[in-house]
Amino acid sequence: MALVGGISVLFTSTTYIQMSQLGMLSPTGQCRTFSSDADGYVRGEGAGVVLLKPLKKAIEDGDRIYGVIKGSAINHGGRTRTLTSPNVYAQSQVLNQSDWP
């Protein structure tokens, strides 16, 4: 088993101000990744922790299972149009090269 967590905390308003001045933040406050209606980036703060456990053991223990990790992949998007728009080609390549079941 393993506890896995992450946190994102933004301590100052400087980043928001700079991104707003550059026109990077979505005026609607909604992120529409890969949509033709996408109009900017949405920043947020949060924290989360999950317990990872082998599926067989979770079933044996009668745990409530919320999801099963079938595979993973890592790729850097390389050049993109902007900081906030992903490289669709690079993301599709990493998925096609992964050992997804």
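Helices (H or I, at least four residues) and strands (E, at least two) are DSSP runs, numbered from the N terminus. With that in hand, the protein chain comes to three helices and two strands, and from the N terminus on they run β-α-β-α-α.

A word on the ground rules. This is a predicted model, so to speak of a local feature takes a pLDDT of at least 70, side-chain atom pairs count only at pLDDT 80 or more, and totals for chains, interfaces and linings use all residues. Residues are numbered from 1 along each chain as its sequence is written, and side-chain values use heavy atoms, with hydrogens and water left out.

How confident is the predictor? pLDDT is its confidence in each residue, from 0 to 100. The mean for the protein chain is 84, and 85% of its residues reach 70 or more. Confidence is highest in α2, at a mean of 96, and lowest in α3, at 76.

Now for the chain as a whole. Buried residues make up 10% of its 101 residues; buried means under 20% relative accessible area, exposed over 50%, and partly exposed in between (1.4 Å probe, protein chains only). The accessible surface comes to about 8500 Å², and 55% of that belongs to carbon and sulfur atoms. Those areas come from the Shrake-Rupley method with a 1.4 Å probe, and for residues only the protein chains shown count as cover. As for contacts (heavy atoms within 4.5 Å), take those in the protein chain with a separation of 6 or more: residues 24 or more positions apart account for 52% of them.

Let's stop at the loop between α1 and β2, where F34 has its place. Phi of F34 is near 65°, a positive value in a residue other than glycine. Most residues other than glycine have a negative phi.

At 24% relative accessibility, G40 counts as partly exposed. Which residues is G40 in contact with, leaving aside its neighbours within four places in sequence? They are M24, L25, S26 and Q30. Take L25: G40 and L25 are 15 residues apart in sequence, yet 4.8 Å apart in space, C-alpha to C-alpha.

Next, the charged pairs. A search of the whole structure finds four salt bridges, a salt bridge being a side-chain nitrogen of Lys or Arg within 4 Å of a carboxyl oxygen of Asp or Glu. One of them joins R32 and D39, with the closest N and O atoms 3.7 Å apart. Both ends are partly exposed: R32 at 25% relative accessibility, and D39 with a relative accessible area of 26%.

Another pairs K53 with D63, the closest N and O atoms being 2.7 Å apart. K53 lies in the loop between β2 (46–52) and α2 (55–60) and D63 in the loop between α2 and α3 (88–97), so the pair ties together parts that are ten residues apart in sequence. K53 counts as partly exposed at 24%, and D63 does too, at 32%.

K57 and D61 also meet through their side chains in a salt bridge, at 3.3 Å from N to O. Here K57 is partly exposed at 39% relative accessibility, and D61 is partly exposed at 36%. Salt bridges that share partners join K53, K57, D61 and D63 into one network.

Methods: pLDDT = per-residue confidence, 0-100.
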